[in-house]
Amino acid sequence: MIDYILTALRRLIAIDSPTGYTAQASGFLMEELASMGYSPQRTRKGGVLCGLGGEGEGLCLLAHADTLGGMVAAVKDSGRLRITPLGGLSPQNTEGENCRVYTRDGRAYSGTLQLENPSVHVNREYNTKERSFDTMEVVLDEDVSTKEAAKALGIRGGDIVCFDPRFTLTDSGYIKSRFLDDKLSAAILLGLAKWISQEHPALSRRLCLHFTVFEEIGHGACASLPDWVTELISVDMGCVGQGLECTERMVSICVKDSQGPSNYDLTTRLIQLAEEQKLSYALDVYPFYGSDGDAALRAGYDLRHGLIGPGVYASHGYERSHKDGVENTFRLLKACVTAL
């Protein structure tokens with residue numbers, strides 16, 4: 001099943017889907033789930049909700065298909081583009097990256113996000129210049145040098161800017177790409193759905209998946225949860241960094257994020273399952289992290305919530321995980337939905 005997960009991840013990563021521009025990614029998820037025999041539904045906000053069967057107390061597993069990206073804020077007199085971020089896109093992490101600009105009438109143009117006057121041979125301030133979206137610009141791969149020429153291509157404010165993910169799977173099992181947050185966990189949930197459809201395990205509870213599309217701006221799971229759900233687990237990236245125990249080869253169980261602690265009883269059960277399955281896992285506190293679980297609680301849902309995910313290094317940049325982290329997360333989810 002890990003091979004399927006990685007194949008699904010590669011396909012999903014290739015679909016541009018920054019927050020606000022996610023219809024194609026949602027369509028891919030709908031098609032995959034339907035091919036497994038399920039009846040997924042698209043929410044009004046554009047996410048995907050899918051029941052997987054089972055009876056009893058309701059559990060919803062969440063992942064998000066939206067990513068970081070940009071939007072054209074202005075077409076400059078030079079024909080280059082000033083952008084505004086969608087989600088927590090960092091100018092330092094996107095300098096020199098190739099991108100695509102999608103117009104409202106369906107055209108697409110390639111370009112690169114560069115510092116203004118980016119040649120070190122003519123700019124003495126190159127090394128000291130502040131990197132911000134006010135000092136950087138998208139240089140289109142078109143013969144344009146005026147605002148009028150760029151607008152003649154159909155480019156206007158509000159057009160979507162998407163960055164190349166640069167997906168790579170190494171021989172040693174490392175997965176490198178932009179937007180592993182959270183397409184890696186979305187692919188893992190697809191793998192869980194496929195495993196259930198093929199193996200028909202006895203589910204210990206009523207189960208659904210919810211793929212949200214506004215997590216990166218904070219309101220992904222604030223709506224559309226079925227009223228029979230009593231617990232939710234957000235399956236998002238596990239942080240890897242200084243002061244944390246998680247690595248890319250582990251499944252992370254978050255005990256507290258920036259909004260507060262995860263549900264104590266649910267977290268305790270996740271720990272017990274990880275130990276019973278002899279998984280490589282970590283317990284960590286994330287100081288600058290919010291999830292779809294937090295959004296659901298802020299919206300007023302009366303639910304127990306938890307947060308797990310494969311370890312991901314360099315979050316919101318050029319991210320890295322490992323097949324072992326995928327395996328550990330997948331096995332923990334299988335235990336969650338079958339343990340009595």
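## Strand β4 and its partners

Strand β4 (residues 69-75) and strand β5 (residues 81-86) run antiparallel and are joined by six bridges. Two strands count as paired here if DSSP finds at least two bridges between them, and strands (E, at least two residues) and helices (H or I, at least four) are DSSP runs, numbered from the N terminus. The bridge partner of V75 is L81 in β5. Together β4 and β5 make a hairpin with five residues between them, and G79 in the turn has a positive phi of about 90°.

On to another partner: β4 also pairs with strand β9 (residues 160-163), in the antiparallel sense, over two bridges. Here M71 stands opposite I160 of β9.

## About the model

This is a predicted model, in which local features need pLDDT of at least 70 and side-chain atom pairs pLDDT 80 or more, while totals for chains, interfaces and linings use all residues. Residues are numbered from 1 along each chain as its sequence is written, and side-chain values use heavy atoms, leaving out hydrogens and water.

## Helix α1

The end C-alpha atoms of α1 (residues 2-13) are 16 Å apart, which agrees with the 16 Å that its twelve residues should span at 1.5 Å a residue; the expected span is 1.5 Å times one less than the number of residues.

Which residues of α1 are buried? They are I2, Y4, I5, L6, A8, L9, L12 and I13, where buried means under 20% relative accessible area, exposed over 50%, and partly exposed in between (1.4 Å probe, protein chains only).

## G37 in its loop

You will find G37 in the loop between α2 and β1 (41-42). G37 counts as exposed because its relative accessibility is 63%.
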